[in-house]
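Colleague: I have some labels to check against their cut-offs. Show me the model first, please.

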Amino acid sequence: MSTPVEWRPDVLGPGFQQATLALAPDAEGEVVATLVRYEPWPRLADLRPGHPADETDVLYVHGWSDYFFQTELARFWHDQGARFFALDLRKYGRSLRAGQTPGFVDSLDTYDEDIEAALEAMGHGDRGEDAPSEPGRGGPPRPPRPPRPPRRRLILMGHSTGGLTLSLWADRHPGRAAAVVLNSPWLEFQAHSIGRTMISPFIDLHARLDPKAAMPNVDLGFYTRSVSRTLDGEWDYDLTWRPVRGFPVHPAWLTAVLAGHTRVAAGLSIDVPVLTLLSARSTLLPYWTDDMLGSDVVLLVQDIAIRALKLAPTVTVARIEGALHDVFLSRQEAREVAYGEVARWLRGALSGSRPRGGRGPLGGRGPVSGSSRTAGPHPGRPPSTGPSSPGGRPGS
């Protein structure tokens with residue numbers, strides 16, 4: 001039996017709640033993940049049938065040195081008919097505890113526990129397949145029952161390193177998701193596959209000798225400059241949870257990421273449609289230029305576009321003119337194009353995937369267990385006319 005989820009108000013304000021998910025402790029002590037959900041007061045528009053993402057739940061996973069604060073993205077998915085959830089992984093954002101190494105894992109597979117805990121809280125758990133059954137009365141254990149399929153579809157959405165993590169997870173867990181949406185996923189090293197092959201043995205040796213050594217910081221703060229309202233960007237967020245020059249990078253963590261890149265390069269077989277959103281161009285320079293306000297300053301987008309075709313049999317790549325590394329933190333015109341691409345793609349991607357079971361009490365969005373609703377303005381976004389309906393680092 002799963003532990004009941006306790007929801008409480010989130011730092012993003014009215015409409016957002018969070019739940020702490022206890023995970024197995026590690027060498028640094030207590031480990032948790034944090035699930036955030038968006039549940040505003042219902043509107044008449046929510047009750048109308050025919051939303052493309054009715055009977056659908058979205059799980060969003062952030063990138064490196066990041067956390068969830070993209071309230072406009074949550075509203076977009078709500079307007080599409082979905083219930084929106086976001087996961088702050090262990091040692092990031094809401095889940096970072098005193099004494100922990102921010103963002104540190106030595107294998108991306110470690111996040112399986114975080115993702116499974118989030119899906120369990122959302123009603124998409126996969127318990128029972130391998131767990132032993134209780135013994136029958138006076139007899140041997142009964143064979144395990146297969147897990148009951150969820151009544152709602154699941155869309156996985158990941159940004160940058162989160163996109164890499166979710167791509168690998170979806171490949172290893174067929175049948176769980178109905179679609180995957182990737183926002184500038186970090187699918188290949190910035191020095192291309194040749195550079196990755198050359199440096200991997202040295203990084204791996206460093207990881208074996210001193211897994212948490214601080215590596216040189218190559219983040220010059222240009223991405224933060226393009227995003228943060230305190231500089232040249234539009235967005236307010238916590239600079240402690242998302243530092244100007246990112247978290248320190250450690251060799252064991254980088255080895256884990258490079259191993260993920262190698263797996264993608266060999267080819268994955270994600271069994272559902274995949275949408276990859278990317279900027280139209282990259283600007284990776286050691287000095288600031290205003291071109292960085294409308295391009296990806298973290299990844300080589302052309303390499304990512306090529307690697308995306310290795311993820312699944314059905315992949316759509318959308319290149320967004322003027323987009324930043326996080327496409328949904330771009331200027332409004334680029335964001336609206338990106339939201340339009342997602343909305344258009346959704347209608348085709350979900351057309352052959354029908355949810356199991358009936359509709360929820362709010363046009364298919366019905367509240368999850370322990371639901372409460374709050375009303376009010378939507379904090380954490382720029383004061384713009386952004387969509388109510390759509391309207392670097394070593395990686396992020």
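Colleague: Why is Phe84 called buried?

Modeller: Phe84 has 2% relative accessibility. Buried means under 20% relative accessible area, exposed over 50%, partly exposed in between, with a 1.4 Å probe and protein chains only. So Phe84 counts as buried. This is a predicted model: local features need pLDDT of at least 70, side-chain atom pairs pLDDT 80 or more, while totals for chains, interfaces and linings use all residues. Residues are numbered from 1 along each chain as its sequence is written, and side-chain values use heavy atoms, without hydrogens and water.

Colleague: What makes the pair of Tyr60 and Phe84 tilted?

Modeller: Ring centres of Phe, Tyr and Trp (its six-membered ring) must lie within 6.5 Å; planes under 30 degrees apart are stacked, over 60 edge-to-face, the rest tilted. Here the centres are 6.5 Å apart and the planes at 35 degrees, so the pair is tilted. Tyr60 also counts as buried, at 1% relative accessibility.

Colleague: Why is Asp10 called buried?

Modeller: Asp10 has 8% relative accessibility, so Asp10 counts as buried. Asp10 is found in the loop between strand S1 (8-9) and strand S2 (16-26). Strands are DSSP runs of E, at least two residues, and helices of H or I, at least four, numbered from the N terminus.

Colleague: What makes Arg37 count as lying over the face of Trp7?

Modeller: The rule asks for NZ of Lys or CZ of Arg within 6 Å of the ring centre and within 35 degrees of the ring normal. Arg37 is at 4.0 Å from the ring centre of Trp7.
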